[in-house]
Amino acid sequence: QGEYEYDIILAFVNNKLRELPKVVKKDCTVSFVTTKDDVGHKTYVRGMTLLMLKAMYQEIGRQNIEKIYVEFSLGNGYYCDVKSEVALTKEILDRVKARMEKMVEADIPFQKFSINTEEAMDLFYQYGMLDKHKLFKYRRVSKANIYNLDGFEDYYYGYMPASTGILKYFDLQLYNGGFLMILPYKSAPTRVTEFLDRPKLFQTLKESNEWGKMMGIDTVGALNDEISAGGANDLILVQEAFQEKKLAEIAEQIKESGKKFVMIAGPSSSGKTTFSHRLSIQLRTHGLKPHPIAVDDYFVDRDKTPVDEDGKFNYECLEAIDVEQFNSDMCDLLAGKTVELPSYNFKAGRREYKGDFKRLGEDDILVIEGIHGLNDKLSHSLPKESKFKIYISALTQLNIDEHNRIPTTDGRLLRRMVRDARTRGTSAQATIAMWSSVRRGEETYIFPFQEEADAMFNSALIYELAVLKQYAEPLLFGIPKEAPEYVEAKRLLKFLDYFVGVSSEEVPKNSI
């Protein structure tokens with residue numbers, strides 16, 4: 001431990017991830033994983049979740065609790081909901097936190113044991129954890145790993161810390177009818193920063209979760225039940241109709257606002273391009289004439305592109321865009337002038353002009369898509385009253401079960417992997433290798449501006465992982481065992497194994 005700045009939480013043994021209680025029985029190459037590493041941070045979150053559940057059930061009483069949901073992440077907070085006969089108060093939450101702190105001090109081991117899948121189904125049925133009971137019904141493996149923390153048993157998708165002593169940094173806070181488990185960001189694993197509220201994002205996530213529960217499909221087991229009963233086609237149509245309804249509502253808002261510039265931003269593989277096209281169709285039904293503009297066409301020439309700390313071109317930063325030319329063109333359009341718009345030649349690395357002239361009429365509207373769309377520095381010359389901002393992201397409303405979240409980043413990574421392989425000839429290994437860099441760009445240039453949006457759109461589809469499974473699995477199996485990306489590939493393969501697959505034949509052509 002003395003050689004590492006942050007707490008060691010797991011180990012790599014011959015490039016295989018292992019929990020710390022594992023005994024080394026032969027010569028091998030060992031390296032360690034800390035709480036600052038991505039896989040280490042995920043392990044910390046899982047350990048904290050089990051610790052919180054143990055304390056919550058002890059403090060309120062198992063007989064009083066129907067269910068505790070770990071719903072979704074919100075910045076450095078994880079929103080949880082308690083269905084209980086006892087109303088959750090600040091006093092109860094403070095007692096839960098105090099109990100957690102005592103268990104951290106006691107350094108209680110997480111004990112792992114393996115049982116037959118049938119036994120696991122029976123175990124969780126007895127505990128009233130019916131989502132897990134349903135999940136195991138579709139497991140093809142014969143064994144399941146269960147974790148025991150001082151008598152409290154649960155199942156987790158992924159590895160656990162060795163003991164509670166490492167889980168020193170957390171806070172609990174009442175929030176919107178439930179509570180937040182506030183944890184450190186991966187970048188600063190020993191500091192719990194103050195929770196930064198994101199009310200618009202919360203409402204979008206909450207609405208999607210409630211829609212999933214209303215449909216009776218809020219977990220993977222429930223989705224598998226629906227698919228197995230032959231309901232996949234109807235589910236696809238209902239989900240697509242729900243998204244079209246949301247698109248129509250946003251188009252109505254834009255029409256009523258009278259604004260000329262629709263600024264669309266969102267993280268990688270959130271569906272920005274397809275969304276822009278479908279929104280444009282909806283705007284046309286309202287009598288408007290939308291014109292798409294990609295901010296990428298305003299990239300500076302490659303020899304002027306900034307580089308990152310590794311010396312690679314940084315296309316994510318605002319300085320990679322010719323902001324002044326963009327503002328000049330947009331202001332001229334707003335003033336009624338005719339403007340020749342550029343297109344960027346990615347092969348040659350320069351902007352080109354090919355006679356694409358635009359002039360805004362009374363019903364014309366510009367639909368501008370780019371990662372900096374919500375940042376006013378991109379469009380600093382345009383008056384605020386002329387801009388309608390939309391944030392789009394794939395905010396997965398499905399959970400593996402009541403205690404195991406599906407991170408929204410997993411859904412987007414699988415989307416990107418399939419897209420890159422099909423349209424760019426990029427291997428899954430290359431997509432995984434660049435993913436951490438993509439995520440850093442999102443954290444810096446997109447997420448801080450989420451709450452600036454006038455509207456938010458959740459592009460996640462409740463059925464999509466069951467469809468993506470058939471495309472993603474062969475790509476992931478193609479990653480060699482000795483590759484650094486193999487560990488992530490193995491994790492994603494295990495994750496996809498929870499899903500019953502669905503054919504893509506019934507998915508509409510215009511689906512995100």
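Just past helix H5, Gly-216 takes a positive phi of about 75 degrees. Bear in mind that this is a predicted model. H5 itself covers residues 199-214, 16 residues in total, and its first and last C-alpha atoms are 22 Å apart, close to the 22 Å expected at 1.5 Å a residue.

H5 lies across S16 and S17, and runs at about 35 degrees to S17.

That brings us to the sheet. Five strands make up an open sheet with parallel pairing, in the order S12-S15-S11-S16-S17. S12 (289-294) and S17 sit at the edges, each pairing on one side only. On average, neighbouring strands here are turned by 25 degrees against each other, direction ignored. As a general point, strands of a sheet pair through backbone hydrogen bonds, either parallel or antiparallel.

Within this sheet, S11 and S15 (residues 364-369) run parallel and are joined by four bridges. Ile-264 stands opposite Glu-369 in S15. Helix H8 also packs on the sheet, where it touches S11, S12, S15, S16 and S17; its direction makes about 165 degrees with that of S15.

| Residue | Loop | Contacts |
|---|---|---|
| Lys-259 | between H7 and S11 | Ile-254, Ile-365, Lys-384, Glu-385, Ser-386, Lys-387, Phe-388, Asp-454 |
| Ser-268 | between S11 (261-265) and H8 (272-285) | Arg-412, Arg-416, Trp-435, Val-438, Glu-442 |

Is Ser-268 buried or exposed? With a relative accessible area of 11%, Ser-268 falls under the 20% cut-off, so it counts as buried. As for Lys-259, its C-alpha atom is 9.4 Å from that of Leu-366, although 107 residues separate the two along the chain.

Now for a helix pair. H10 (residues 408-424) and H13 (residues 486-496) pack with their axes 12 Å apart, at an angle of about 105 degrees. Because of that angle, H10 is roughly perpendicular to H13. On the H10 side, the contact is made by Asp-410, Leu-413, Leu-414 and Met-417; H13 brings in Glu-488, Arg-491, Leu-492, Phe-495 and Leu-496.

Strand S1 (residues 8-13) pairs with S2 in the antiparallel sense, over four bridges, and Leu-10 has Glu-19 of S2 as its bridge partner. Two residues lie between the strands of this hairpin, and Asn-14 takes a positive phi near 50 degrees.

Key: Residues are numbered from 1 along each chain as its sequence is written. This is a predicted model: local features need pLDDT of at least 70, side-chain atom pairs count only at pLDDT 80 or more; totals for chains, interfaces and linings use all residues. Side-chain values use heavy atoms; hydrogens and water are left out. Axes are lines fitted to C-alpha atoms, for helices over the stretch in contact, and angles run from 0 to 180 degrees between N-to-C directions. Angles under 35 degrees count as roughly parallel, over 145 as roughly antiparallel, 65 to 115 as roughly perpendicular and the rest as oblique. Contact means heavy atoms within 4.5 Å. Buried means under 20% relative accessible area, exposed over 50%, partly exposed in between (1.4 Å probe, protein chains only). Two strands pair if DSSP finds at least two bridges between them. The expected span of a helix is 1.5 Å times one less than its number of residues.
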